[in-house]
Amino acid sequence: MTALGKLVRTTAFKLTLVYLTVFALFAVLLLGYFAWNTRRLITEQITETVDAEITGLSEQYRQGGIRRLVLIVDNRSRRPGSSLYLVTTSSGEGLAGNVGSLAPGVLDKAGWIETAYRRLDESEDAEHQALARVFQLPGGFRLLVGRDLEERERLHDIIVSAGRWSIAIVVVLGLSGGFFVTRRVLKRIDAMTGTTQRIMSGDLTGRLPIAGTGDEIDRLAGNLNTMLERIEALMHGLKEVSDNIAHDLKTPLTRLRNRCEEALRTARVEADYRSALETTIDESDRLIQTFNALLMIARTESGQGREEMTEFDAAEIARDVGELYEPLADEKGLSLRVEAPAPARLTGNRDLVSQALANLVDNAIKYARHEEPGAANGEIVVAARGEGNGIELAVSDHGPGIPAGDRGRVVERFVRLEKSRSEPGSGLGLSLAAAVAHLHGGALTFEDNEPGLRAVITLPRSGPQRTPQLAS
Ligand SMILES: Nc1ncnc2c1ncn2[C@@H]1O[C@H](COP(=O)(O)OP(=O)(O)OP(=O)(O)O)[C@@H](O)[C@H]1O
Ligand SMILES: [Mg+2]
C-alpha cells in the first residue's frame with residue numbers, strides 16, 4: 001500500500017472528510033440563505049418604491065390630467081439614476097418617459113413584470129433587466145414605473161463568488177489540516193504497531209511509546225503498558241514456579257525413589273517392606289502438601305479468590321487461629337496469647353486470611369523455640385486491631401527473628417533460612433501469606449520484635465480495589 005493510500009484509509013482522515021463535507025454543506029446553506037434573503041429584501045424595496053411612485057403619479061393625474069402627468073414624468077425621467085417611466089396612450093403610443101424600447105406585449109397587461117428594456121438617455125444601445133409595474137389610468141392611458149435590477153444581480157454575483165471562494169478555502173485548509181493530523185497520528189500508530197510486533201515475536205520487555213501529550217492514544221498506550229507489565233509479571237511468576245518445582249521437588253522425589261530402590265535391595269521380611277512403604281506414604285503426603293501449597297499460591301497470585309469476598313471480623317479470626325494452635329504451642333513449651341479486644345471488620349476472603357495468619361503462627365511456634373526458655377521468651381502474641389481504613393493482623397515471637405537483609409527474600413517460594421533447616425517445612429508459608437495480602441490490596445511486613453520477629457499483615461477494610469497490586 002502506498003503511503004498516501006495508507007493515509008487516506010485512516011480513521012482520522014475519514015473523519016476529516018466527514019467534517020469537511022459537513023462544513024462545506026453548512027457554508028453552502030448559509031450563503032444560499034443569505035443570497036435568497038438579500039434578493040427578497042431588494043425586490044421588496046423595489047416594489048415598495050414603485051408602488052409609492054404609482055400612487056403619487058396617479059394622484060397627480062387625477063388632479064391635473066394627462067398634461068400634468070406627462071410634465072412630471074418628463075421631469076423625473078431626466079434626473080440622474082432615475083427610475084423607469086413610461087406613459088402611453090391606450091394604443092401604446094409613448095407620451096413621456098425614459099424607456100426606449102420594451103419587450104413586446106409588456107404593456108398589454110396591468111400588474112408586475114420582470115422585463116428587458118433599453119433606456120432613452122443612454123448613449124450605447126445596451127439591454128437591461130427591470131422590475132416594473134404597468135398601471136391602467138382612467139381614460140385609457142397607461143403608466144409604467146420600474147427599477148433597474150442590475151444592482152440586485154451584482155449583489156447576487158458577489159455572494160455566489162464569495163461562496164465559491166469560501167468553499168474552496170474550507171476544502172483546501174481542511175484537507176491539508178487533515179493530512180497533517182493524520183500523518184502525526186499514523187506515525188504514532190506505526191510506532192505502536194512496531195512495538196506490538198516485537199512483543200508478538202516473544203520479546204515481552206517491549207513497551208508502547210508514550211508521547212506525553214496525555215491524549216487518548218497516550219492513555220491507551222499507558223493502559224496497554226500496564227497490562228503488559230502484568231502479563232510479564234505473571235509470566236515471570238509462572239516461569240519461577242516451574243523452575244522451583246523442577247529444582248525443589250526433584251530432590252524429594254529422587255530421595256523417595258532411592259529409598260524404594262534401597263528397600264527392594266535390602267528388605268528381607270515383611271516388616272521391612274511395611275516400614276519402607278510407610279515412609280514412602282509419608283513422603284508422598286508431604287509432596288502432595290507442597291503441591292497444594294504451590295497451587296494455592298499460584299491461584300491467589302493470579303487473583304482467584306477475589307470473587308469470594310465477604311465481610312468478617314479479623315478479631316474473630318485471631319481468636320480462632322489462637323485456639324487452634326494453642327495445643328501445639330503448649331506442646332513445644334510456648335505460651336500463646338490473643339490480643340483482640342475490639343472487633344476489626346473488613347471485607348475479604350475469610351479462608352485465605354485465616355490461612356495466612358495460621359502460617360505466621362505456625363512459623364512463630366516452629367522457630368521461636370530455638371531460644372533459651374526464659375520469662376518472656378516463650379510468649380507468642382497474636383494481635384488483631386482496626387486502624388483507620390485498615391486492619392492489622394500481627395504475630396510476635398521472641399525467637400531468633402529474620403535478619404533485615406533476608407526479609408525481602410523469605411516471601412519467595414521455597415526460600416528457607418539456613419538455621420531453620422532442622423525444622424520441617426517447604427518454604428511456602430510466607431509466600432502464601434504475602435500473596436493473600438496482595439490479593440486484598442494489602443501487604444506483609446516484618447519488624448524486629450527485639451528480640452524476635454513481628455510479622456504483620458495489613459489489609460484495607462474495603463477489600464481489594466479495582467486495580468489490585470501486582471503480585472511480586
Ligand atoms: N517467626 C520466625 N522466626 C524466625 N525465622 C522465621 C520466622 N518465620 C519465618 N522464618 C524464616 O523464613 C523462612 C520461610 O518461612 P516460610 O513460612 O515461608 O517457610 P517454612 O516455614 O520454612 O515452610 P512452610 O511454612 O512451607 O512449612 C523459614 O524457613 C525461616 O527461616
Ligand atoms: Mg512456615
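Here is a short chat about reading a predicted model of a protein chain with a ligand.

Visitor: Where do I start with the fold, say, how many helices and strands are there in the protein chain?

Guide: Counting elements is a handy opening step. In this chain there are nine helices and 13 strands.

Visitor: And how do I judge whether the chain is spread out or a compact globule?

Guide: Compare the radius of gyration with what the globule rule gives. Here the radius is 50 Å, well over the 23 Å that the rule gives for 472 residues, so the chain is more spread out than a compact globule. Along the principal axes, the C-alpha atoms fill a box of roughly 155 × 55 × 40 Å. Of the 472 residues, 38% count as buried.

Visitor: Now the ligand. Which residues are the closest to ligand 1?

Guide: Look at the shell first. 19 residues surround ligand 1, and the closest are N363, Y367, R416, S420 and L430. By class, that shell has nine nonpolar, seven polar and three charged residues.

Visitor: How much of ligand 1 does the protein cover?

Guide: Take the ligand on its own as the reference. It has 590 Å² of accessible area that way, and the protein covers 93% of this. Helix 8 (350-368) and helix 9 (429-439) are the elements giving two or more residues to the shell, and helix 8 gives the most, with four.

Methods: Residues are numbered from 1 along each chain as its sequence is written. Chains are lettered from A and ligands numbered from 1 in the order in which they are written. This is a predicted model: local features need pLDDT of at least 70, side-chain atom pairs count only at pLDDT 80 or more; totals for chains, interfaces and linings use all residues. Side-chain values use heavy atoms; hydrogens and water are left out. A residue is near a molecule or strand if one of its heavy atoms lies within 4 Å of it. Accessible areas come from the Shrake-Rupley method with a 1.4 Å probe; for residues, only the protein chains shown count as cover. Ala, Val, Leu, Ile, Met, Phe, Trp, Tyr, Cys and Pro count as nonpolar, Asp, Glu, Lys and Arg as charged, and the others, Gly among them, as polar. The radius of gyration is taken over C-alpha atoms; the globule rule is 2.2 Å times the number of residues to the power 0.38. Buried means under 20% relative accessible area, exposed over 50%, partly exposed in between (1.4 Å probe, protein chains only).
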